[in-house]
Amino acid sequence: MAAQSGPDSEESNRMDGIKSLGLESIQGSMPTFYSPHAEVRAKYLQGLLGGEIAYYADQFHLPFSPVTMAVLDAQQWPKVAGEEPYGMPSVDGTRPAVVVMPASWDEVTWMVVPKREEVPSAMLRKALANGKKWDQVKFEGCDGIGTHEIGHFIIRQLGIDPQTKWFNEFLASYAGYAYLKARDPAQALSNEIFWAVGLKHSPHRFTKLGDFESKYDELQQKYPGNYGWY
């Protein structure tokens with residue numbers, strides 16, 4: 001989900017929210033704050049999403065502005081993410097940018113999490129071939145939304161103007177997937193599974209590109225499954 005805002009007030013809202021919670025943190029190129037009992041997940045996400053920024057900084061030989069991450073449980077989420085549904089990743093356009101990720105996908109209700117029986121058999125066999133468990137595949141696919149969000153950040157940093165909202169979302173997904181495909185093909189496959197299953201959850205109320213442009217905010221807020229389908 002793209003957060004296209006960038007006023008100073010939002011910067012202070014997200015950062016002030018993080019500070020008000022008194023969260024523990026992991027330092028590094030992507031400082032990561034986390035809710036109680038979420039340190040292991042915070043370290044994983046810092047490696048995953050911080051790695052994406054490092055990958056593109058190396059590819060383009062450019063330094064990127066800093067990003068802070070907050071990995072939050074359902075109780076602490078509203079303090080930083082405001083009214084966004086729990087677990088809906090987003091990155092704002094402020095400096096420093098702040099990306100929010102859920103401490104667990106188990107409590108997320110705004111999207112359909114893939115079920116094992118819905119996955120095409122060939123994809124499932126390939127994903128589990130090296131001993132990986134289904135739950136890991138499932139949640140790796142969900143975490144791919146985070147790489148999409150960092151993709152938005154990368155696109156803005158590169159000065160790319162996608163012109164349309166749909167192409168903006170496409171480029172963000174492309175950036176996240178290209179990074180995973182280069183650095184962790186197995187996790188890229190988890191993303192492919194997430195997308196393939198998501199396409200099965202239809203029909204949707206809106207299917208035209210014009211609807212995506214004109215009803216963008218409504219789709220995010222009221223029809224996130226339909227939004228994800230686009």
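Helices (H or I, at least four residues) and strands (E, at least two) are DSSP runs, numbered from the N terminus. The model shown is predicted: local features need pLDDT of at least 70, side-chain atom pairs count only at pLDDT 80 or more, and totals for chains, interfaces and linings use all residues. Residues are numbered from 1 along each chain as its sequence is written, and side-chain values use heavy atoms, with hydrogens and water left out.

View 1. A salt bridge is a side-chain nitrogen of Lys or Arg within 4 Å of a carboxyl oxygen of Asp or Glu. An α-helix has 3.6 residues a turn, so residues three or four places apart point the same way. Asp 135 is partly exposed, at 44% relative accessible area. Lys 138 is buried, at 17%. (Buried is under 20% relative accessible area, exposed over 50%, partly exposed in between, with a 1.4 Å probe and protein chains only.)

**View 2. Arg 41 and Asp 143 meet in a salt bridge.** The N to O distance is 2.7 Å. This pair links distant parts of the chain: Arg 41 belongs to helix α2 and Asp 143 to helix α5, 102 residues apart. Both residues are buried. The structure holds six salt bridges.

**View 3. Glu 192 forms a salt bridge with Lys 181.** The closest N and O atoms are 3.9 Å apart. Here too the pair links distant parts of the chain, with Glu 192 in helix α7 and Lys 181 in helix α6, 11 residues apart. Glu 192 is partly exposed, with a relative accessible area of 22%. Lys 181 is also partly exposed, at 43%.

**View 4. Helix α2 covers residues 39–60.** Its 22 residues should span 32 Å at 1.5 Å a residue. (The expected span is 1.5 Å times one less than the number of residues.) The end C-alpha atoms lie 31 Å apart, which agrees. Among the buried residues of α2 are Arg 41, Leu 45, Leu 48, Leu 49, Ile 53, Tyr 55 and Tyr 56. Gly 50 and Gly 51 are buried as well, as are Gln 46 and Glu 52. His 61 follows the helix, with a positive phi near 55°.

**View 5. Five strands make an open sheet.** The strand order is β1-β2-β3-β5-β4, with mixed pairing. (Two strands pair if DSSP finds at least two bridges between them.) β1 (24–26) and β4 (90–91) stand at the edges. Each has a single partner strand, so one side of each is left without a neighbour in the sheet. β2 (residues 32–34) and β3 (residues 67–72) pair in the parallel sense over three bridges. Thr 32 stands opposite Met 69 in β3.

**View 6. Strand β5 (residues 97–102) is mostly covered.** Six of its six residues are buried. In a regular strand the side chains alternate between the two faces of the sheet. Ala 97, Val 99 and Met 101 are on one side of β5; Val 98, Val 100 and Pro 102 are on the other. Both faces are covered. β5 runs parallel to β3, joined by six bridges. Leu 72 stands opposite Pro 102. β5 runs antiparallel to β4, joined by two bridges. Ser 90 has Val 100 as its bridge partner. A hairpin of five residues joins β4 to β5.

**View 7. The largest pocket holds about 900 Å³ of space.** Of its 33 lining residues, Phe 194, Trp 195, Tyr 227, Gly 228 and Trp 229 are the closest to its centre. (On a 1 Å grid over the protein atoms alone, a pocket is an open set of points where a 1.4 Å probe fits, with protein on both sides within 12 Å along at least five of seven lines; lining residues have an atom within 4 Å of a point.) Helices α5 (134–157), α6 (165–183), α7 (185–200) and α10 (224–229) each supply at least two lining residues. α6 gives the most, with seven. The lining divides into 20 nonpolar, 12 polar and one charged residue. (Ala, Val, Leu, Ile, Met, Phe, Trp, Tyr, Cys and Pro count as nonpolar, Asp, Glu, Lys and Arg as charged, and the others, Gly among them, as polar.)

**View 8. Gly 17 lies in helix α1 (residues 8–21).** Gly 17 is buried, at 4% relative accessibility. Gly 17 and Trp 77 are 60 residues apart in sequence. Their C-alpha atoms are 9.3 Å apart in space.

Key: Points joined across faces, edges and corners; volume = space filled by probe spheres on them.
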